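Hi,

Here is the model we talked about.

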Amino acid sequence: MIVGLTYNLKKSNSDVEDWEAEYDSPQTVMAIQSAIEQAGHDTVLLEAVPERIRDFIDCGCDIVFNFAEGLEGRGREAQIPALLSFLGIPYTGSDEVALGIALDKTLTKQLVTANGITTPKFQLATRATKKIKRDLRFPLIIKPNAEGSSKGIRESAVVNTPEQALQLLCELSHVYPGDFLIEEFIEGREVTVGLLGNGDSIEVLPVLETLFPHEDNFYSYRVKKHSDVFLQYDCPAQLDRLTLQKIEKASRTVFSILRLRDVARMDFRIASDGIPYFLEVNPIPGLAPGFSDLPRICEASGISYDSLINRILNTALVRLGLMVPSTVQVT
Ligand SMILES: Nc1ncnc2c1ncn2[C@@H]1O[C@H](COP(=O)(O)OP(=O)(O)O)[C@@H](O)[C@H]1O
Ligand SMILES: [Mg+2]
């Protein structure tokens, strides 16, 4: 098959350090390309920038492996899928509606809450916000409402008073466009869950726990960037059976509520009473080999990087009726 590969590259041309945090390095693009070619397909590189729009029209692809982050705004992850849908080109992963919702953390929280999923209490804030809702219990964490990869999450993101909260909001709104999410900070363990598949054959991969052995106890941008120094990982996480069941159930429910497809990764914090709080979902999870959580989960589970990439591709091909189910490789 001819498989297009669409992506956004880090170009490091902004003054703000984490501006391109979500974009990928050429090494990641090459790793995905190589995995797809190893499986016997031809690939076409489709950089997701307006100047290259013609490439999409002319690519002649049977399917596009989509991991483009898009350009701007909370609809950015939906931009390329919407274009591909418009052109009638099939693609891996979730559709433009699911991607648009999932990038908006508040919308996602409202939707999952309405379906019985526990998520931290929150307030959507703008640069004009002057009051913190009285029913929110400090400490609170403040993060951009529609970013990823810990972009805009500072070491000082956790605040203890309304004054600190408003001050941080003011500072952040000078740097990051868009709204902010103020959330109750959940002390406790942090886990992330990868899911692969569709319908009855969705597989919840072993849960990855991120351990914070130093004083920083959440994934700020700095902690994420220097994860080798600040973090340790445990996969499968040491969880009791009941907690694991709750997390798996919640993950499957979120996947189904948003009508996600093929692959997703979602983050939870487990409070001291054992309740998993859903934080957010990534329908286009990071795929940097040896760095991103999903490849890390797979590595710990005996699934090679190349198998992960081809599993996403083959799952999409089966969903689209372009491949028979039995040929989806597991490892
Ligand atoms: N309500 C919260 N309670 C505790 N930690 C949080 C909370 N929200 C975010 N965090 C921390 O910040 C990190 C990034 O937040 P997340 O919502 O996953 O955004 P991103 O899209 O940048 O990954 C989380 O992995 C977690 O460590
Ligand atoms: Mg996250």
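Leu140 sits opposite Val159 of strand β6. Strand β5, residues 140–144, pairs with β6 in the antiparallel sense over two bridges (strands pair if DSSP finds at least two bridges between them; helices, H or I of at least four residues, and strands, E of at least two, are DSSP runs numbered from the N terminus). In general, strands of a sheet pair through backbone hydrogen bonds, either parallel or antiparallel.

Before going on, the ground rules: this is a predicted model, where local features need pLDDT of at least 70 and side-chain atom pairs count only at pLDDT 80 or more, while totals for chains, interfaces and linings use all residues. Residues are numbered from 1 along each chain as its sequence is written, and chains are lettered from A and ligands numbered from 1 in the order in which they are written.

Back to the sheet. It is open, with four strands in the order β4-β7-β5-β6 and antiparallel pairing. β4 (122–125) and β6 are the edge strands, each pairing on one side only. Helix α6 (residues 162–175) lies across β4, β5, β6 and β7 (180–184), and runs at about 10 degrees to β5 (axes are lines fitted to C-alpha atoms, for helices over the stretch in contact, and angles run from 0 to 180 degrees between N-to-C directions).

Leaving aside neighbours within four places in sequence, Val158 is in contact with Pro139, Ile141, Phe185 and Phe218 (contact: C-beta atoms, placed from the backbone, within 7 Å).

Then there's a helix pair. α3 (residues 76–87) and α4 (residues 96–103) pack at about 175 degrees, with axes 8 Å apart, and are therefore roughly antiparallel (angles over 145 degrees; under 35 is roughly parallel, 65 to 115 roughly perpendicular, the rest oblique). On the α3 side the contact uses Glu77, Ala78, Pro81, Ala82 and Ser85, and on the α4 side Glu96, Leu99, Gly100 and Leu103.

Last one: Leu322, in the segment after α11 (305–319). With 13 other C-beta atoms within 10 Å, Leu322 is partly exposed. Its C-alpha is 9.2 Å from that of Asp62, 260 residues away along the chain. Beyond neighbours within four places in sequence, Leu322 is in contact with Ile63 and Leu317.

Cheers

Methods. Two residues are in contact if their C-beta atoms, placed from the backbone, lie within 7 Å. A residue is buried if 20 or more other C-beta atoms lie within 10 Å of its own, exposed if 12 or fewer, and partly exposed in between; C-beta atoms are placed from the backbone.
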